[in-house]
Amino acid sequence: MDEIQQQQLNEIREFTYQLFHDDPTGHDYEHMRRVALMAKKIAKEEGRDPFLCEAAGWLHDVGDRKLFSDPDQAINEMNIFLDHISIHNQAKHDINHVISTISFKEGKTPATWTGKIVQDADRLDAIGAIGIARTFQYGGANNQLIYKQGNPHTSIQHFYDKLLKIKDKLHTSYAKQIAMERHRWMLLFLDQFHKEWGTDK
């Protein structure tokens with residue numbers, strides 16, 4: 001990574017901080033940092049572009065409808081910023097592609113390796129110990145119950161609807177290796193949770 005790219009990443013980090021530093025839902029600056037650094041690590045392991053993957057990792061939640069009242073405006077402002085720091089058009093296009101295809105809910109598969117890598121990094125941050133913590137942070141921020149039998153909209157139900165499915169939806173070999181241990185920790189947590197709640201079989 002050359003000096004210009006390092007400076008661009010520094011500016012992207014600052015831009016990201018301004019957008020997300022006070023988010024209470026688990027989509028804060030630290031989430032962006034973990035995804036960006038994991039995307040960089042996966043890219044190196046998979047022989048892809050670590051600069052582009054890290055940059056896209058920092059920006060992957062810009063315009064997320066859960067987080068922005070005007071997603072289109074947020075994306076437009078991001079693109080103006082990327083032009084300002086001289087990110088070339090192809091890289092800007094790739095970053096926008098990541099943003100438009102990364103959502104688990106929409107079930108899209110990115111067409112580029114940058115997108116696949118950032119999607120893997122984002123999904124890894126949704127599982128394991130960090131994923132467990134973020135699940136309850138998001139639930140609390142949205143007035144969601146921890147658990148209630150028969151209620152499909154609780155934080156515990158989220159594990160069964162989404163998080164336990166993630167390890168089988170990853171694209172890269174390196175991410176799949178990491179996911180195995182994180183998946184195991186979620187199973188252990190759920191087993192203990194149901195024992196303490198009194199709902200174990």
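**Reading salt bridges and a pocket**

User: Glu 54 has a relative accessible area of 3%, which makes it buried. Which residue does Glu 54 form a salt bridge with?

Analyst: Keep in mind that this is a predicted model. The general idea is that oppositely charged side chains can pair when their charged atoms come close. Here Glu 54 pairs with Lys 40, with 3.8 Å between the closest N and O atoms. Glu 54 sits in helix 3 and Lys 40 in helix 2, 14 residues apart, so the pair links distant parts of the chain. Lys 40 is partly exposed, at 23% relative accessibility. Arg 13 joins Lys 40 and Glu 54 in a network of salt bridges.

User: How many salt bridges does the structure hold, and which residue pairs with Asp 125?

Analyst: There are 9 salt bridges. Asp 125 pairs with Arg 34, the closest N and O atoms being 2.7 Å apart. Asp 125 lies in the loop between helix 6 and helix 7 and Arg 34 in helix 2, so this bridge ties together parts 91 residues apart in sequence.

User: What about Asp 120: which side chain of opposite charge is nearest?

Analyst: That's Arg 123, 5.7 Å away, and buried Asp 120 has no salt bridge; the cut-off is 4 Å. Asp 120, in helix 6, does have a side-chain polar contact of 2.8 Å with Thr 172.

User: And how do I read the largest pocket: what is its volume?

Analyst: Rolling a water-sized probe over the atoms shows where empty space is left. The largest pocket has a volume of about 1200 Å³. Its lining has 40 residues, with Asp 64, Lys 66, Ser 103, Lys 105 and Lys 162 nearest the centre. Helix 7 gives the most to that lining, 4 residues.

Technical notes: Residues are numbered from 1 along each chain as its sequence is written. This is a predicted model: local features need pLDDT of at least 70, side-chain atom pairs count only at pLDDT 80 or more; totals for chains, interfaces and linings use all residues. Side-chain values use heavy atoms; hydrogens and water are left out. On a 1 Å grid over the protein atoms alone, a cavity is a set of points where a 1.4 Å probe fits but cannot get out, and a pocket is an open set with protein on both sides within 12 Å along at least five of seven lines; lining residues have an atom within 4 Å of a point. Grid points are joined across faces, edges and corners, and a volume is the space filled by probe spheres set on the points. Helices (H or I, at least four residues) and strands (E, at least two) are DSSP runs, numbered from the N terminus. Buried means under 20% relative accessible area, exposed over 50%, partly exposed in between (1.4 Å probe, protein chains only). Lys and Arg count as positive and Asp and Glu as negative; His and the chain ends are not counted. A polar contact is a pair of N or O atoms within 3.5 Å; within protein, one must be able to donate a hydrogen and the other to accept it, and residues adjacent in sequence count only if both atoms are side-chain atoms.
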